[in-house]
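Dear colleague,

Please find the structure below, with its sequence. My notes on what was found in it follow.

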Amino acid sequence: MSEIAKPALSRSTVDRAAIRRLDDAWLADTWADPRTRVLLVEDGRTLVDAGDVAARLVFFSPDEAPEGERYLLGVDDATGAAYFAVSAELPDIEGGARPSGLRGIGALLNDRDAGLMVHAAALQLWHARHTHCPRCGTPTRVTAAGHVRVCPRDGSEHFPRVDPAVIMLVHDGNERCLLGRQPSWPQGRFSTLAGFVEPGESLEQAVAREVAEEVGIPIVGTRYMGSQPWPFPSNLMLGFFAEAGNDQIAVDAEEIAEARWFTRDELRSATEAGSVGLPGVVSIARRLIEGWYSDSLPGSW
Ligand SMILES: [Zn+2]
């Protein structure tokens, strides 16, 4: 079992420049700076020029950007360029760029673009779903360069929410790991177990509860392995290796249709033969499985 590789959506190079979010003069000057780059984002998607092995975001100048909620993403310390996102309908543009989401192209972006797009998508999806004050129902307004909403009636401030979810590769402490198939997935598609953290629960408790609920197995040890934002719309996936106390699987058919133990050899053979498909390289699930396996594995769904 080795350390997991950095998840695809946990990469970034741009300084978030949080100290600038309330600096209206700096924000106005920066919006007028021709070096400033703007990403348009709609329903978590942006315009992307994607090939088979690499993809790049399509940026606009502030002059070209349509009206819309504006979010400061940060400043590239290397170039001095600032990056904003604008929530707007994505235009048709000439060339190969298409509206794309992080699930499809997140792993193809470079570190800078991956970080910018995750930030932009997560903010835009939160704003779109949190337009009114949860206390009094009044429409809220955007402030702090897109990182806070304020209620004009009662003054309450509302921050972008992040919903923690645990995702765990259950193993037997030796040569086997456990993977499950959700009821909606086709035969042969397997992944790690996962679930939301409930109010008042620690991460370790959430890991143990979810594994017990889904496959009836007690957990005797958890080891944190890393995290990745998963803005569909607002999750933060917290990845663990979880050691099973026994190997007696009893699946909860509502959440898991099938669960199986795999030795490393069985997992290698099944993925090479195509009888088992693992989650895509953009997912932390894939990182956990390959971290346990200590190498890359073929194929994905
Ligand atoms: Zn209010």
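Strand E10 (residues 163-171) pairs with strand E14 (residues 235-244) in the parallel sense, over nine bridges. Strands here are DSSP runs of E of at least two residues, numbered from the N terminus, and two strands pair if DSSP finds at least two bridges between them. Within this pairing, Met-168 stands opposite Phe-240 of E14.

This is a predicted model, in which local features need pLDDT of at least 70 and side-chain atom pairs count only at pLDDT 80 or more, while totals for chains, interfaces and linings use all residues. Residues are numbered from 1 along each chain as its sequence is written.

E10 also has antiparallel partners. Four bridges join E10 to strand E12 (residues 193-196), where Ala-194 is the bridge partner of Ile-167. Two bridges join E10 to strand E11 (residues 176-181), and there His-171 has Cys-177 as its bridge partner. The hairpin of E10 and E11 has four residues between the strands, and in it Gly-173 takes a positive phi near 80°.

Val-38 counts as buried because 24 C-beta neighbours lie inside 10 Å; the term requires 20 or more other C-beta atoms within 10 Å of the residue's own, with C-beta atoms placed from the backbone. Beyond its neighbours within four places in sequence, Val-38 is in contact with residues including Phe-59, Phe-60, Phe-84 and Val-86, contact being defined as C-beta atoms, placed from the backbone, within 7 Å. The C-alpha atoms of Val-38 and Val-58 are separated by 8.6 Å, and the two residues are 20 residues apart along the chain.

Yours sincerely

Technical notes:
Buried ≥ 20, exposed ≤ 12 C-beta atoms within 10 Å, placed from the backbone. Contact = placed C-beta atoms within 7 Å.
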